[in-house]
Amino acid sequence: MRVAVLSVHTSPLAQPGTGDAGGMNVYVLQSALELARRGVEVEIFTRATSSSDEPVVRVAPGVLVRNVVAGPFEGLDKYDLPTQLCAFTAGVLRAEATHEPGYYDIVHSHYWLSGQVGWLARDRWAVPLVHTAHTLAAVKNASLAIGDAPEPPLRAVGEQQVTDEADRLIVNTEYEAGQLVSLHHADPDRIDVVHPGVDLATFTPGDRDAARRALNLSPDEQVVAFVGRIQPLKAPDVLLRAAAKLPGVRVLIAGGPSGTGLANPDGLVRLADELGITDRVTFLPPQARDGLVDVYRAADLVAVPSYAESFGLVAVEAQACGTPVVAAAVGGLPVAVRDGVSGTLVPTHDTDAWAAAIGDLLARDPKAMREAAHRHAATFSWAHTVDALLDSYGRAIADYHARHQGHDAKARRNGRRFSVRRGVRA
């Protein structure tokens with residue numbers, strides 16, 4: 001089985017926590033690696049952003065990343081990328097043209113920009129299109145942070161088109177499935193719920209004192225960490241304002257400016273100064289996986305105060321390290337965090353409410369909640385994610401062949417049974 005994965009606006013090889021790189025990057029790469037372990041060949045198409053990008057990068061046996069040249073390497077953000085979709089699509093189709101006909105068995109697009117490309121590739125290659133939106137414009141616009149810019153109407157139109165065209169839609173949670181139905185009138189029978197996973201071999205409980213020494217943090221102070229892109233949507237300012245009401249609490253922020261946050265890249269530093277807590281805030285650049293593990297282990301709590309979050313991978317990674325989470329009760333976070341067991345969900349972004357929630361968790365005996373957090377995270381794994389992905393792929397292929405049997409030569413060529421658990425042709 002061969003899967004063409006499309007990730008136009010951000011590369012799975014990019015460092016999460018800055019630019020447009022975040023949980024989606026982790027999802028694309030980790031699911032591809034697990035698919036490859038099942039014998040599925042995965043080729044990920046993404047836009048080249050540097051002249052030094054190799055055209056093809058072999059990440060692991062069975063996983064290739066193809067860096068497609070589409071527009072200038074630098075100076076484009078994702079709102080400019082619709083102008084380069086034609087060039088990107090041409091690169092994808094040319095790559096497929098170097099293979100024998102029918103090389104790919106299925107297309108999986110991530111984010112609406114990729115869905116536009118996948119829609120055409122699906123029709124050209126006569127294979128099904130599976131699409132994961134990750135976020136929806138209407139959801140983000142309904143919960144904007146103060147001063148944040150709304151998503152443009154173009155995106156909402158594009159998302160509706162991809163929703164209508166995809167053979168199957170994959171969502172992170174049942175809540176997201178409901179949003180697709182209510183906002184985009186998606187057919188519920190074409191939606192599959194697939195929870196993202198976490199690398200349970202990397203993100204594990206460990207020595208808190210050693211992690212704090214690695215980050216130059218005191219062993220005695222209370223630490224609340226924020227991990228992610230620094231932009232209004234992720235609401236790190238809510239954490240700083242809450243911390244200002246909690247004397248003695250240190251805030252550890254690991255991430256870089258992103259999206260609308262790029263317009264004011266030093267805003268969080270200035271806010272800490274205005275609140276008079278500069279001496280209690282530690283800023284770190286985006287962290288690689290080993291560095292993230294230290295951040296999670298060093299913290300007493302990890303805060304995820306986002307205004308919108310399709311799942312909240314940071315929350316699960318933190319809990320896998322045995323660190324409870326205080327999170328906004330939005331999107332998929334009520335699935336990622338067990339309220340009152342592995343952490344606390346806050347139903348508002350009010351500063352007093354956040355200060356109270358953080359203070360309450362810090363005042364508790366941490367042992368029971370740390371153990372509960374680890375147990376909860378253990379229910380999420382990339383193996384479980386890929387089990388569900390392969391089931392969805394199998395349904396997409398079977399439905400596609402049933403609809404096109406006798407009408408399309410390529411569909412007939414692909415009309416074979418698939419052992420989806422193994423990811424190979426039977």
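In what order do the strands of the open sheet of six strands lie? The legends below start with that sheet and then visit other parts of this predicted model.

**Figure 1. A close-up of the open sheet of six strands.** Follow the strands across the sheet and you meet them in the order β11-β10-β9-β12-β13-β14, with parallel pairing. At the edges are β11 (281-284) and β14 (343-346), each of which pairs on one side only. Going from strand to neighbouring strand, the turn is 20° on average, with direction ignored.

**Figure 2. Strands β9 and β12, which run parallel.** Here we look at one pairing within the sheet of Figure 1. Strand β9 (residues 222-227) is joined to strand β12 (residues 301-304) by two bridges.

**Figure 3. Helix α13 meets helix α8.** Two packed helices are described by the angle between their axes and the distance between the axes. For helix α8 (residues 236-243) and helix α13 (residues 351-363), the angle is about 70° and the axes are 8 Å apart. The two helices, α8 and α13, are therefore roughly perpendicular to each other. From α8, the contact is made by Val 238, Leu 239, Arg 241 and Ala 242. Their counterparts from α13 are Thr 351, Trp 354, Ala 355 and Ile 358. Sorted by class, the residues of this contact are six nonpolar, one polar and one charged.

**Figure 4. A second open sheet, formed by eight strands.** The order to trace this time is β3-β4-β2-β1-β5-β6-β7-β8, and the pairing is mixed. The edge strands, β3 (56-60) and β8 (191-193), each pair on one side only. On average, the twist from one strand to the next is 25°. For an antiparallel example, look at β3 and strand β4 (residues 63-68), which pair over four bridges. Val 56 stands opposite Arg 66 in β4. Helix α3 (residues 111-125) packs on the sheet and touches β1 (2-7), β5 and β6 (129-132). The direction of α3 makes about 165° with that of β5.

**Figure 5. The largest cavity, with a volume of about 50 Å³.** The biggest contributor is α1, with four residues. Seven of the lining residues are nonpolar, three are polar and none is charged.

**Figure 6. The second largest cavity, with about 40 Å³ of space.** Around this cavity you can find Trp 112, His 131, Ala 133, Thr 135, Leu 136, Glu 159, Val 162 and Thr 163. Which helix gives the largest share of the lining? That is helix α5 (residues 153-165), which supplies three residues. By class, the lining of this cavity has four nonpolar, three polar and one charged residues.

Methods: Residues numbered from 1 in each chain as written. Predicted model: local features only at pLDDT ≥ 70, side-chain atom pairs only at ≥ 80, totals over all residues. Heavy atoms only, no water. Axes fitted to C-alpha atoms, helices over the stretch in contact; angles between N-to-C directions. Parallel < 35°, antiparallel > 145°, perpendicular 65-115°, else oblique. Contact = heavy atoms within 4.5 Å. Nonpolar A, V, L, I, M, F, W, Y, C, P; charged D, E, K, R; others polar. 1 Å grid on protein atoms, 1.4 Å probe; cavity = no way out; pocket = protein on both sides within 12 Å on 5 of 7 lines; lining within 4 Å. Points joined across faces, edges and corners; volume = space filled by probe spheres on them. Pairing = 2+ DSSP bridges.
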